Structure formats: structure tokens, C-alpha cells
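Biologist: Could you put the model on screen and take me through it slowly? I'd like to ask a few things as we go.

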Amino acid sequence: MRSLAASSAALAVLLLGSACSGSDDPGGSPSPSSASPTGSDTASPEPTDSTEPTGSAGPSVDAATGATLELPHSRVRIPSDWKRMSRLVRTQQDAKDPGSASLLSLAEINAFGSTNSADELVTSVLRVTRGTYPLTPKRLPNVVVDGVEMYHLSGKIQPLRWLEEYGAIFSDRIVTLGFEFSPDVSPAERQQVVSSVLATFEWR
């Protein structure tokens with residue numbers, strides 16, 4: 001199982017190392033999308049096949065009603081048919097879909113005083129991702145979730161794993177919400193899960 005906490009720890013080290021050198025953003029800085037009241041992504045990439053990024057959520061999404069994943073500075077609810085997993089580390093909580101190999105993770109680690117914006121943070125995130133996985137997800141426009149701007153990554157990280165990831169620095173914590181979907185989950189199903197969970201996201 002992928003560890004968001006471990007990836008975030010590598011990210012924190014990278015942020016510490018680059019704190020005095022400024023940030024570079026080779027992928028540009030997409031402007032934030034206009035978030036719906038649910039806090040879901042309203043960017044609208046044009047899909048051409050089943051591997052295209054998740055599209056817009058629309059205003060009528062139903063919020064997830066399952067168990068709560070809760071950390072000191074953030075919490076979300078998972079879909080009602082997903083199962084909360086045993087907690088292995090104090091910095092991360094996970095859930096899984098019993099009907100597929102899909103996973104959901106909420107993680108928080110110390111940002112060590114970093115005040116990087118979502119644009120600055122995602123540059124470092126992509127460096128860690130490229131060093132961790134054989135494939136690199138696409139950066140989509142930032143989204144505003146419960147009043148805080150978060151980066152958004154979407155795409156394959158392995159031939160059979162699709163990632164949707166959101167992150168920001170909040171209250172001196174790198175907070176990351178990640179979804180990993182197996183190939184039997186359709187783009188529409190991915191969108192439904194992501195949007196329903198984002199609709200419940202709360203900062204604490």
C-alpha cells in the first residue's frame with residue numbers, strides 16, 4: 001500500500017533543503033479553478049479515453065456518508081461502502097474499497113515552518129513523485145477546498161494505478177488527500193468517489 005506519510009516526509013526534507021533557494025515551477029502555475037460549494041474540482045479537461053484525468057464534479061454531488069478519517073488538522077468522510085483500515089502510523093489514515101483494489105489516504109506531517117503556496121508545494125511534490133513512481137501524474141488547476149487552495153495531481157503513477165491527489169500546507173502541516181484507483185474503476189466512478197469525499201473535507 002502506498003504511504004502518503006512517507007512521501008510527505010520526503011517532501012518535507014526537500015522543502016527544508018530548498019527553503020533558501022526559492023522555487024521553480026517547470027510545469028507552469030495553472031490558476032485555481034472556481035470551486036463549487038462542495039469544494040470539488042471544476043476544471044474540465046477534455047477526456048479522449050478511459051485514461052484521461054477526472055473531469056468536473058458538477059454542483060449536485062452527494063457528500064460521502066461513511067466513516068470519518070480524522071487527523072489533528074483535517075478530516076473527511078469516506079463512501080459508505082468503503083472500509084476504514086487499521087491505523088499503522090499516527091500521521092496517516094487509510095480506507096479501502098472492498099469491491100476493488102482502490103485506496104484513499106489522508107496524511108499530515110510537520111511542514112517545519114514552510115509557508116509555501118500550493119503552486120510552490122506542487123513543484124516539490126512532483127519531484128518526489130518522479131523519484132517514486134514509474135509514471136508521473138498530470139498537474140491540474142488548483143482547487144479551493146473548505147476555503148484553502150490545494151494543488152491537484154491526476155493520472156497514472158503505475159500502469160495499473162490511477163492517482164488523484166490534493167495537498168496544501170495548513171497550520172504548519174503538509175496535508176495530503178490521495179486516492180489510488182485500480183483499472184476496473186471507470187472515470188465516472190473515480191469522479192463520483194473523489195467529489196463525494198471532497199464535499200466532506202474539513203480543516204480543523
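Here is our chat about the sheet, the helices, the salt bridges and the rings.

Modeller: Before we start, this is a predicted model, so to speak: local features need pLDDT of at least 70, side-chain atom pairs count only at pLDDT 80 or more, and totals for chains, interfaces and linings use all residues. Residues are numbered from 1 along each chain as its sequence is written, and side-chain values use heavy atoms, with hydrogens and water left out.

Biologist: In what order do the 7 strands of the open sheet come?

Modeller: Strands here are DSSP runs of E, at least two residues long, and helices are runs of H or I with at least four, both numbered from the N terminus. Two strands pair if DSSP finds at least two bridges between them. The pairing in this sheet is antiparallel, and the order is β3-β4-β5-β9-β8-β7-β6.

Biologist: And which are the edge strands?

Modeller: Look for strands that pair on one side only. Those are β3 (83-84) and β6 (138-145).

Biologist: Which strand does helix α2 run at about 20° to?

Modeller: Angles run from 0 to 180 degrees between N-to-C directions, with axes fitted to C-alpha atoms, for helices over the stretch in contact. Helix α2 (residues 118-132) lies across β6, β7 (148-158) and β8 (161-170). The strand at about 20° is β7.

Biologist: What about helix α3: what angle does its direction make with that of β9?

Modeller: Helix α3 (residues 187-198) packs on the sheet and touches β5, β6, β8 and β9 (173-181); contact means heavy atoms within 4.5 Å. With β9, the angle is about 150°.

Biologist: On to charges: how many residues apart are Glu70 and Arg204?

Modeller: They form a salt bridge, with the closest N and O atoms 2.9 Å apart; the cut-off is a side-chain nitrogen of Lys or Arg within 4 Å of a carboxyl oxygen of Asp or Glu. Glu70 sits in strand β1 (residues 68-71) and Arg204 in the segment after β10 (202-203), so the pair links distant parts of the chain, 134 residues apart.

Biologist: Which residues are linked with Glu70 in a network of salt bridges?

Modeller: Arg75 and Glu202 meet in a salt bridge too (3.0 Å, N to O). Arg75 lies in strand β2 (residues 74-77) and Glu202 in strand β10, so this pair ties together parts 127 residues apart in sequence. Linked with Glu70 in the network are Arg75, Glu202 and Arg204.

Biologist: Is Arg139 buried or exposed?

Modeller: Buried means under 20% relative accessible area, exposed over 50%, and partly exposed in between (1.4 Å probe, protein chains only). Arg139 forms a salt bridge with Asp119, the closest N and O atoms being 2.4 Å apart. Asp119 is partly exposed at 22%, while Arg139, at 13%, counts as buried.

Biologist: Now the rings. Why is the pair of Phe201 and Trp203 edge-to-face?

Modeller: Rings of Phe, Tyr and Trp (its six-membered ring) pair if their centres lie within 6.5 Å; planes under 30 degrees apart are stacked, over 60 edge-to-face and the rest tilted. Here the centres are 4.7 Å apart and the planes at 65°, so the pair is edge-to-face.

Biologist: Last one: which residue lies over the face of Trp162?

Modeller: A charge sits over a ring if NZ of Lys or CZ of Arg is within 6 Å of the ring centre and within 35 degrees of the ring normal. At 3.9 Å from the ring centre of Trp162, that residue is Arg190.
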